[in-house]
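User: Please walk me through how to read the features of this structure, with the general idea before each case.

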Amino acid sequence: MTMNWLKTTASAAALVLAVAAGPAIAQEAFSDWDADASGSISETEWNTGWSDAGVYDAWDANDDNAISEDEWTAGVGENEELWNERFGETAYGDWDADDDGALTEEEFGSGVYAGYDADESGVIEEPEFGDAGDDIGDEGLFDV
Ligand SMILES: [Ca+2]
Ligand SMILES: [Ca+2]
Ligand SMILES: [Ca+2]
Ligand SMILES: [Ca+2]
């Protein structure tokens with residue numbers, strides 16, 4: 001056994017590890033969000049995953065735990081068309097449950113959750129989660 005052989009084997013092993021780990025890091029995994037492995041994501045599970053994804057914090061530019069309409073507009077940015085298709089043009093007002101002109105993390109999370117529950121079954125199944133994963137990922141709607 002030569003030193004060269006050892007070096008080559010070690011870098012090949014490192015490469016295999018890097019390739020295997022890649023996709024799991026780049027994408028939101030359904031199984032990570034489905035904490036009880038029931039095959040669907042409940043609103044409680046959603047709130048945890050959504051909070052971890054960091055979208056709300058990223059949009060809340062001044063960190064006052066409220067998303068103002070200006071912060072909302074900045075967050076939607078150039079994705080207005082896709083956004084309206086997904087959540088509807090009146091989403092901001094609809095999600096502001098207490099009509100105080102700002103969205104709490106709960107109001108925002110519930111609105112998004114309902115938006116992804118396309119069949120209105122009350123939970124998010126894997127195909128519905130696919131849209132959410134795309135939106136949270138690189139260059140997606142939320143791109144965080
Ligand atoms: Ca579940
Ligand atoms: Ca704010
Ligand atoms: Ca509110
Ligand atoms: Ca559903």
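**Reading the model, feature by feature**

Analyst: Let's start in a loop: aspartate 63 lies between α4 (55–59) and α5 (69–76). Helices are DSSP runs of H or I with at least four residues, strands are runs of E with at least two, and both are numbered from the N terminus. This is a predicted model, where local features need pLDDT of at least 70 and side-chain atom pairs count only at pLDDT 80 or more, while totals for chains, interfaces and linings use all residues. Residues are numbered from 1 along each chain as its sequence is written, and chains are lettered from A and ligands numbered from 1 in the order in which they are written.

User: What is the phi of aspartate 63?

Analyst: First the general idea: most residues other than glycine have a negative phi. Aspartate 63 has a phi near 55°, a positive value in a residue that is not glycine. Aspartate 99 also has a positive phi, of about 50°, without being a glycine. Its place is the loop between α7 (91–95) and α8 (105–116).

User: Is aspartate 63 buried or exposed?

Analyst: The rule counts other C-beta atoms, placed from the backbone, within 10 Å of a residue's own: 20 or more is buried, 12 or fewer is exposed, and in between is partly exposed. Aspartate 63 counts as exposed because it has 7 C-beta neighbours inside 10 Å. Aspartate 99 is exposed too, with 7 other C-beta atoms within 10 Å. Alanine 97 is in the loop between α7 and α8, and its 12 other C-beta atoms within 10 Å make it exposed.

User: At what angle do the axes of α3 and α8 cross?

Analyst: Axes are lines fitted to C-alpha atoms, for helices over the stretch in contact, and angles between N-to-C directions run from 0 to 180 degrees. Helix α3 (residues 43–53) and α8 have axes that come within 10 Å and cross at roughly 115°. That makes the two helices, α3 and α8, roughly perpendicular (65 to 115 degrees; under 35 is roughly parallel, over 145 roughly antiparallel, and the rest oblique).

User: Which residues of α3 and α8 meet?

Analyst: From α3 come Glu43, Trp46, Asn47, Trp50 and Ser51, and from α8 come Glu105, Gly109, Val112 and Tyr113. The residues of this contact divide into four nonpolar, three polar and two charged (Ala, Val, Leu, Ile, Met, Phe, Trp, Tyr, Cys and Pro are nonpolar, Asp, Glu, Lys and Arg charged, and the others, Gly among them, polar).

User: Which residues of α3 are buried?

Analyst: Trp46, Gly49 and Trp50 are the buried residues of α3. Down the axis of α3 they fall within an arc of 100°, so they line one face of the helix (the arc is that of the directions from the helix axis to the C-beta atoms). The face turned away from that buried side carries the exposed residues Thr44 and Asp52. The buried residues of α3 pack against α2 (30–33), β1 (40–41), α4, α8 and β2 (124–125). Just after α3, glycine 54 has a positive phi of about 80°.

User: What covers the buried residues of α9?

Analyst: In α9 (residues 126–136), the buried residues are Phe129, Ala132, Asp135 and Ile136. They fall within an arc of 115° seen down the axis of α9, so they line one face of the helix. Their cover includes α2, β1, α3, α4, α8 and β2. Glycine 137 lies in the segment after α9 and is partly exposed, with 16 other C-beta atoms within 10 Å. Glycine 137 and alanine 53 are 84 residues apart in sequence, and 9.6 Å apart in space from C-alpha to C-alpha.

User: With which residues is glycine 115 in contact, leaving aside its neighbours within four places in sequence?

Analyst: Those residues are Arg86 and Phe87. Glycine 115 is in helix α8 and is partly exposed, with 19 other C-beta atoms within 10 Å. The C-alpha atoms of glycine 115 and arginine 86 are separated by 6.7 Å, though the residues are 29 apart along the chain.

Notes:
Two residues are in contact if their C-beta atoms, placed from the backbone, lie within 7 Å.
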